[in-house]
Amino acid sequence: MSSLDALIDALKRLPGVGQKSAQRMAFHLLQHDRAAMQGLAQALRAAGEDIKHCQRCHTFSETELCRVCADPDRDARLLCVVESPADQAALERTASYRGYYFVLLGRLSPLDGIGTRDIGVTELLARALEGVEEVILATSFTAEGEATAHVLAEALRARGIRSTRLARGVPVGSELEYVDLSTIAHALVDRR
Ligand SMILES: [Zn+2]
């Protein structure tokens, strides 16, 4: 495979990028911005090497504990479960949540072979038993996100841990990261 084809193939792995846009990006970089190519290559290498997962909540972090988990001033009684670091960032931007997080890095999807083990349910349950009084299930309002919330709620209930779900108001079918901040903030306040 030529270097050009390899570059286009690599770009096509990004979400929302098809053959045409991958080709356009590759030609743009080669023709107009060789410096950006170096910067991109360096940033990708550094991110791949430096960014790992927080040992406590599993979000992306360059340190053993992420910024949130390392903050002793947050409310340890609250644990919010989200699907992705992007969803966690969306909740953080609302500035209306002061508890800790657990990031599933996915959601249950039996058809794709993603089961409870893949999203760290055992770790979540163990984490919830560390003095958490309420687990807020903030998975997306897609069918799979709802199913994930349901399974987690049952598992938590079996262990005597209270869970709540973000209130409706977040449009059905949506991923949190694309929902506007005030809607998320309201869904958080009105959780039940
Ligand atoms: Zn963390």
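Me: Happy to look at this predicted model with you. Contact here means heavy atoms within 4.5 Å; with that in mind, which residues in helix 6 do V121, L124, L125 and A128 in helix 5 meet?

Reply: Good place to start! Helix 5 covers residues 121-128 and helix 6 covers residues 143-158, and their axes come within 11 Å. On the helix 5 side, the residues in contact are V121, L124, L125 and A128. Their partners in helix 6 are L152, A155 and L156.

Me: How are helix 5 and helix 6 oriented to each other, parallel, perpendicular or oblique?

Reply: The two axes cross at roughly 45 degrees, and the crossing is right-handed. Angles under 35 degrees count as roughly parallel, and 65 to 115 as roughly perpendicular. Helix 5 and helix 6 are therefore oblique.

Me: Thanks! What is the arrangement of the 4 donor atoms around the zinc ion?

Reply: The protein donors are the SG atoms of C54, C57, C66 and C69, lying 2.3 Å from the zinc ion. Along the chain they follow the spacing C-x2-C-x8-C-x2-C. Four donors count as tetrahedral if all angles lie between 85 and 135 degrees. Here the angles are 106 to 116 degrees, so the arrangement is tetrahedral.

Me: Is H58 buried or exposed?

Reply: H58 sits in the loop between strand 1 and strand 2, and has a positive phi of about 75 degrees although it is not a glycine. Buried means under 20% relative accessible area. With a relative accessible area of 18%, H58 is therefore buried.

Me: And L105, is it buried, exposed or partly exposed?

Reply: L105 lies in the loop between strand 4 (99-103) and helix 5, with a positive phi of about 60 degrees. Its relative accessibility is 38%, so L105 counts as partly exposed.

How values were computed. Residues are numbered from 1 along each chain as its sequence is written. This is a predicted model: local features need pLDDT of at least 70, side-chain atom pairs count only at pLDDT 80 or more; totals for chains, interfaces and linings use all residues. Side-chain values use heavy atoms; hydrogens and water are left out. Donors are N, O and S atoms within 2.8 Å of the metal (3.2 Å for Na, K and Ca); water is not among the atoms, so sites may look incomplete. Four donors count as tetrahedral if all angles lie between 85 and 135 degrees; four count as square planar and six as octahedral if opposite donors are over 155 degrees apart and all others between 65 and 115; anything else is irregular. Axes are lines fitted to C-alpha atoms, for helices over the stretch in contact, and angles run from 0 to 180 degrees between N-to-C directions. Helices (H or I, at least four residues) and strands (E, at least two) are DSSP runs, numbered from the N terminus. Angles under 35 degrees count as roughly parallel, over 145 as roughly antiparallel, 65 to 115 as roughly perpendicular and the rest as oblique. A crossing is left-handed if the near helix is turned anticlockwise from the far one by less than a right angle, and right-handed if clockwise. Contact means heavy atoms within 4.5 Å. Buried means under 20% relative accessible area, exposed over 50%, partly exposed in between (1.4 Å probe, protein chains only).
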